[in-house]
Amino acid sequence: MRFVIENHRYLMTMIPVLTLFFFAGCGSNDDLNKFKNPLEFSGNFDAKASQPFEELVEIALTTEEIIQEEQRASFETITVRYEVHVVVPKALQTTMEKRVKERRSSILAAVRKEISGCELIALEDPDLTSLKRNLLRALRIELNSDEVRDVVFSQFSLDAC
């Protein structure tokens, strides 16, 4: 009896699907005529009309920095070496470089705070996703700009002693 009921549910579900499939149709032939000649199609392409990518540049925030910190749980000393860059649109390069010079000490303090406040698991992540996310938020605040697109580490090493 159970087999019959389960097959009945299956058939009752498939009847509307099959009905839509058979009676749906393929649409008008006008849509097919538009793409018969590929040269006509490529003639409408304008490369300058849409540029999905904007030029981005990296601005160095730090040269090689070293942080040594003792972990609370394991009492190990961890040494972190890093170089941080921010990625901004090329049009804002000069203004962002000026802001970085003006606020250098507060930027470095924010970077050190985020790195030293990270858990060891987050520092061992090969992509450093949570650290980058937190740094991006902190650097947008420090640089007073939402135009900071990304944080890039040109060097990042972690040593535990």
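**Contacts, burial and the core in a predicted model**

Student: Leaving out residues up to four places away in sequence, which residues does T62 touch?
Tutor: This is a predicted model. Residues up to four places from T62 are set aside here. What remains is a list of five names: Y82, E83, V84, R104 and L108.

Student: Is T62 buried or exposed?
Tutor: T62 sits in the loop between β1 (56–60) and β2 (65–70). Its relative accessible area is 4%. Buried means under 20%, so T62 is buried.

Student: The backbone nitrogen of which residue lies 2.9 Å from a polar atom of the T62 side chain?
Tutor: Start from the residues T62 touches, which include Y82, E83 and V84. A polar atom of the T62 side chain lies 2.9 Å from one backbone nitrogen. That nitrogen belongs to V84.

Student: In what order do the elements of the chain run from the N terminus?
Tutor: The chain has seven helices and four strands. Read from the N terminus, the order is α-α-α-β-β-β-α-α-α-α-β.

Student: How many residues does β3 give to the largest nonpolar core?
Tutor: That core has 27 residues, and Y82, V111, I115, L131 and F153 have the most contacts inside it. Elements giving two or more residues to the core are β1, β3, α4 (93–102), α5, α6, α7 and β4. β3 gives the most, and its count is six.

Student: Which residues does F153 contact, leaving aside neighbours within four places in sequence?
Tutor: F153 is among the residues with the most contacts inside the largest nonpolar core. Its neighbours within four places are left aside. The contacts are then Y82, E83, V84, I115, L128, L131, K132 and L135.

Student: How far apart in space are the C-alpha atoms of V88 and S145?
Tutor: V88 lies in strand β3 (residues 77–89). At 0% relative accessibility, it counts as buried. Beyond four places in sequence, its contacts include L56, M96, E147 and V148. V88 and S145 are 57 residues apart in sequence, yet their C-alpha separation is 9.8 Å.

Student: Which residues of α7 are buried?
Tutor: α7 has 14 residues and reaches 20 Å from first to last C-alpha, close to the 20 Å expected. An α-helix has 3.6 residues a turn, so residues three or four places apart point the same way. The cover over the buried residues of α7 includes β3, α5 (104–116), α6 and β4. Those buried residues are L131, L135, L136, A138 and L139.

Student: Is L128 buried or exposed?
Tutor: L128 is found in the loop between α6 (120–124) and α7 (129–142). Its phi is near 55 degrees, positive in a residue other than glycine. Relative accessibility is 6%. The cut-off for burial is under 20%, so L128 counts as buried.

Note on methods. Residues are numbered from 1 along each chain as its sequence is written. This is a predicted model: local features need pLDDT of at least 70, side-chain atom pairs count only at pLDDT 80 or more; totals for chains, interfaces and linings use all residues. Side-chain values use heavy atoms; hydrogens and water are left out. Buried means under 20% relative accessible area, exposed over 50%, partly exposed in between (1.4 Å probe, protein chains only). A polar contact is a pair of N or O atoms within 3.5 Å; within protein, one must be able to donate a hydrogen and the other to accept it, and residues adjacent in sequence count only if both atoms are side-chain atoms. Contact means heavy atoms within 4.5 Å. The expected span of a helix is 1.5 Å times one less than its number of residues. A nonpolar core is a set of buried Ala, Val, Leu, Ile, Met, Phe, Trp, Tyr and Cys residues joined through side-chain atoms within 4.5 Å.
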